[in-house]
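Subject: Handover of a structure and notes on its features

Dear colleague,

Please find below the structure that I am handing over to you. I would be grateful if you would read the notes after it with the structure open.

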Amino acid sequence: MSNLNAVLGSFFHTPAYGGFELLERALIELDGRGFIERVTLPSDEGYDAHVIAAREAGAREPGTFMELGSDECGLPGFVDLHVHAPQWPQAGVALDEPLDVWLDQRTFPLEARFADPAFAHAVGLDLARTLLSRGTTTCLYFGSAHLEGSFELARACTEAGQRAVVGKVVMDDPEANHDFYRDASPASALADTEEFLGRVEHLDADCRRTVERFPGVFAAVTPRFIPSCTDEALAGLGQIVAAHDAYVQSHCNEGEWEHGVAVARYGKTDAEALADFGLLRPKAVMAHCTFMNESDTALFAQTGTTVAHCPISNAYFADSACPVRRIHEAGVKIGLATDISGGFSPSLYENIRMAVMASRMLESGVDALVPCSSRGAGRLSRISVAEALYLATKGGAEALELPVGSFEVGRAFDVQILDTRHPYADLTGFGIFDAPADRLARILYLATPDSIRKVFVQGRCVIDRDAL
Ligand SMILES: [Zn+2]
């Protein structure tokens with residue numbers, strides 16, 4: 001099962017925003033590195049001959065050919081654009097506390113434990129495997145403020161076989177951070193960031209030599225957010241990003257407080273300040289972005305920066321709902337994220353559902369005591385479940401500029417195989433709702449972790465529940 005060359009089965013994906021495509025009984029053939037070389041449909045010339053040849057090749061080399069059953073189907077592996085790995089043990093804990101209490105009493109003491117590389121590795125490995133089992137094949141991670149702990153997280157991703165972009169968090173302002181958990185100085189924060197970039201690059205190179213089809217682990221420059229960093233660190237990180245053409249991740253305009261800090265400190269919005277430091281650019285991913293005005297949105301579009309939409313987390317800490325539709329229509333790239341552990345769930349399925357529901361509530365409004373005419377956002381805000389699937393797949397791929405997220409030729413074969421008739425999780429329409437749109441909707445709304453039987457990253461099996 002580790003050197004897949006061809007798969008025959010039915011696959012849903014969203015090659016373009018807004019709709020979806022069902023590749024029914026498609027033969028997907030891979031090159032030697034796990035990238036899709038050819039997709040052949042029953043209506044294509046030569047289909048039968050290709051299928052016979054693939055089956056024969058599979059019989060000669062067991063494990064290289066997989067045929068899905070009629071109750072099975074494939075979805076692209078998800079791309080999660082915002083995860084705090086050190087917060088994984090905290091998922092679901094104390095979410096009824098205000099953000100400052102949640103951070104000061106729970107989160108920062110927990111993140112400080114990443115000072116122990118063994119702890120960081122154990123938490124990172126468990127999280128990477130859990131995310132893979134939920135169908136997330138690519139993930140953008142915040143590590144901790146520690147160089148070694150963050151590096152152990154990157155190593156854990158390679159061990160789990162998950163494609164990942166990992167950052168060592170910078171939080172250097174002694175006025176804004178606890179002494180027990182921060183960078184020692186702006187200079188050390190910048191030096192550690194440079195060293196982290198180099199070490200992850202070599203980690204990946206070492207893995208490429210030893211693992212034939214390794215999916216890739218990359219490094220990201222990661223200022224926690226403006227309120228926790230000095231101007232010296234932010235300016236230095238901007239220079240590092242430009243010099244290395246590196247990934248960048250941070251938070252932007254998450255809630256009322258963060259928004260207010262930037263305005264008080266610089267007399268401008270969070271987005272404008274980040275842009276001044278050179279931190280808005282292609283391959284930059286900013287979490288939340290709920291308080292974006294029209295000029296912030298235009299700035300994101302101009303600079304090619306992506307919004308990581310975290311709908312479950314926003315319900316707890318963002319003081320508002322993210323205007324996904326407005327952001328997309330303004331030409332800004334946007335993907336989906338769990339925001340572990342501001343969001344409690346490791347599943348992007350649950351975030352797809354919440355993204356759709358939050359968009360409906362933004363549109364209609366939520367307080368019945370306010371007149372209907374002024375209760376909602378005053379414009380069409382809803383997104384469809386297929387649009388949310390796009391955010392979770394190709395939206396994330398565009399953000400990270402990685403060839404993943406769909407079953408188009410040239411993309412890595414990252415796939416989650418679902419059993420739609422698994423006991424206690426029947427996703428079929430009982431013969432009544434068999435139209436492709438209905439089938440996809442039932443999968444996206446009702447799939448459970450048990451529905452996902454196998455997960456492949458770049459043609460390599462990394463989760464096989466049936467082998468457990
Ligand atoms: Zn976050």
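The notes below begin with the basis of the model and then go through the findings place by place.

This is a predicted model, in which local features need pLDDT of at least 70 and side-chain atom pairs count only at pLDDT 80 or more, whereas totals for chains, interfaces and linings use all residues. Residues are numbered from 1 along each chain as its sequence is written, and side-chain values use heavy atoms, with hydrogens and water left out.

**The zinc site**

Three histidine atoms coordinate the zinc ion at 2.1 Å: NE2 of H82, NE2 of H84 and NE2 of H251. Donors here are N, O and S atoms within 2.8 Å of the metal (3.2 Å for Na, K and Ca); water is not among the atoms, so the site may look incomplete. Along the sequence, the spacing of the donor residues is H-x1-H-x166-H. H82 and H84 are both buried, a term that stands for under 20% relative accessible area, with exposed meaning over 50% and partly exposed in between (1.4 Å probe, protein chains only).

**The packing of α12 and α15**

Helices and strands are DSSP runs (H or I of at least four residues for helices, E of at least two for strands), numbered from the N terminus. Helix α12 covers residues 348-364 and helix α15 covers residues 436-446; they pack at an angle of about 105°, and their axes are 8 Å apart. The axes are lines fitted to C-alpha atoms, for helices over the stretch in contact, and the angles run from 0 to 180 degrees between N-to-C directions. The two helices are therefore roughly perpendicular to each other; that label covers 65 to 115 degrees, while under 35 counts as roughly parallel, over 145 as roughly antiparallel and the rest as oblique.

On the α12 side the contact is made by Y349, I352, R353 and V356, and on the α15 side by I443, L444, Y445 and L446. Contact means heavy atoms within 4.5 Å. Seven of these residues are nonpolar, none is polar and one is charged. In this division Ala, Val, Leu, Ile, Met, Phe, Trp, Tyr, Cys and Pro are nonpolar, Asp, Glu, Lys and Arg are charged, and the others, Gly among them, are polar.

**Residues within helices**

E148 belongs to helix α4 (residues 147-160) and is partly exposed, because its relative accessibility is 35%. Apart from neighbours within four places in sequence, E148 is in contact with P117 and R199. The side chains of E148 and R199 are joined by a polar contact of 2.9 Å, that is, a pair of N or O atoms within 3.5 Å; within protein, one must be able to donate a hydrogen and the other to accept it, and residues adjacent in sequence count only if both atoms are side-chain atoms.

T107 sits in helix α2 (residues 99-112). T107 has a relative accessible area of 0% and is therefore buried. Leaving out residues up to four places away in sequence, T107 touches Q87, Q90, W102 and R224.

L131, in helix α3 (residues 117-133), is likewise buried, with a relative accessible area of 0%. Its contacts beyond four places in sequence include D80, C139, Y141 and I340. L131 and D80 are 51 residues apart along the chain, and their C-alpha atoms are separated by 8.9 Å.

T297 is part of helix α9 (residues 294-303) and is buried at a relative accessible area of 2%. A polar atom of the T297 side chain lies 2.9 Å from the backbone oxygen of N293.

**Backbone features in loops**

The peptide bond from I340 to S341 is cis, with omega near 5°, and S341 lies in the loop between β13 (333-336) and α12.

D245 has a positive phi, near 50°, and is not a glycine. D245 occupies the loop between α6 (231-244) and β10 (247-252) and counts as partly exposed at 43% relative accessibility. K283, also not a glycine, has a positive phi of about 65°. K283 is in the loop between α8 (270-276) and β11 (284-288), and at 14% relative accessibility K283 counts as buried.

With kind regards
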